[in-house]
Amino acid sequence: MMTKQEKQKAPGVQWVTLDNGYRVWTQRLGSGPVKLLTLHGGPGCSHEYLECLEDFLAPQGVEVILYDQLGSWCSDQPEDESLWQLERFIDEIEQVREALGLEDFYLYGHSCGGLWAIEYALRYQRHLKGLILAGITGSIHSYMAHINHLREQLPPEVVEKMKHYEARNEFENEEYQSLLMEHLYRKYICRLPHWPEPLSRAFDHMNHQVYNTMQGNNEFVFTGNLLGWDRWNELAEIRVATLVLSGRYDTMSPDDQKQMASILPHSRLVLCDNGSHCSMWDDPENYKAALVDFFRDVENGRI
């Protein structure tokens, strides 16, 4: 495992200076005519749990570009809550695209990175050849409805304990965190009994200021500034080839995934049968096949 400093100086790294003076970290992995820019989740997580995309795609001639958004692990991490706004993040992506010289490229967004990808496509789809929306839904309301539905299936005493700590804003309480890990994360974030090191590392490196500002402290009650985000009515405006990719055990509803694919004009839906929110780790064969097939079919004009 590389240290942060080693990562920042690794081969393929290119720093992008934003118009606000801060710098963000990118790294090109592999080579080939197909270019894929990745948007990690969180918000405030890091690229680290997406490192497996290199193994999936570089042998297929896809150049994978990992990217830590401002505030994330390898990039600058200013302590300025005013920066954690959706519009600024979308402007940042466009500045990164320009700096990297990307045109007719693919954009991959996972979790809230998928929310960023939807917003980017609605504004800048002229630059895109394809779009991958992984583990995201069309609105915050849809997400909250499903994740609370999942909680309603838990034993009443577990829900009562969770709400006890939430009512007291004791989100860092050891028992509360243990309940989240056992009843949410290990069932719907990653179903492996032992989490892969890159995924654990990404969780450890979460920027909680970014996360709390945009989502909130509570997994089940959304209080951040993304509250109210809803693009169900605009999805049909995204006309580039799109892969809707998720796991059957995701924190996003499979029914929402089907609805998204039905609205997007040129889309394909893949639900990884054994996968959760991080299907790239707990259902890697199906995840890889979905990505490889999508790139092949778009490049050959079949989508």
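1. A nonpolar core here is a set of buried Ala, Val, Leu, Ile, Met, Phe, Trp, Tyr and Cys residues joined through side-chain atoms within 4.5 Å, with buried meaning under 20% relative accessible area, exposed over 50%, and partly exposed in between (1.4 Å probe, protein chains only). The largest such core has 103 residues, and the ones with the most contacts inside it are L37, W116, M280, Y287 and L291. Helix α4 (residues 112-124) is the biggest giver, with eight residues in this core. In soluble globular proteins, nonpolar side chains tend to be buried together.

2. Before going on, some housekeeping: this is a predicted model, where local features need pLDDT of at least 70 and side-chain atom pairs count only at pLDDT 80 or more, while totals for chains, interfaces and linings use all residues. Numbering runs from 1 along each chain as its sequence is written, and side-chain values use heavy atoms, with hydrogens and water left out.

3. On the overall fold, the protein chain has twelve helices and eight strands (DSSP runs numbered from the N terminus; helices are H or I, at least four residues, strands E, at least two). Its radius of gyration is 18 Å, close to the 19 Å that the globule rule gives for 303 residues, so the chain is as compact as a globular protein of that length (taken over C-alpha atoms; the rule is 2.2 Å times the number of residues to the power 0.38). Buried residues make up 58% of the 303.

4. Back to W116: it touches L39, P43, Q69, L86, F89, I90, I93, M214 and L226, leaving aside residues up to four places away in sequence (contact means heavy atoms within 4.5 Å). One of those partners, P43, is joined to G42 by a cis peptide bond, with omega about -5 degrees. P43 lies in the loop between β3 (34-39) and α2 (52-57).

5. Two backbone spots to look at. D104, in the loop between α3 (86-100) and β5 (105-110), has phi near 55 degrees, a positive value in a non-glycine residue; D104 is partly exposed, at 47% relative accessible area. S111, in the loop between β5 and α4, also isn't a glycine and has a positive phi of about 60 degrees, but S111 is buried, at 13%.

6. Helix α8 (residues 197-204) buries P198, L199, R201 and A202. They cover an arc of only 160 degrees around the axis, which puts them on the same side of α8 (the arc is that of the directions from the helix axis to the C-beta atoms). These buried residues pack against α1 (4-8) and α11 (279-282).
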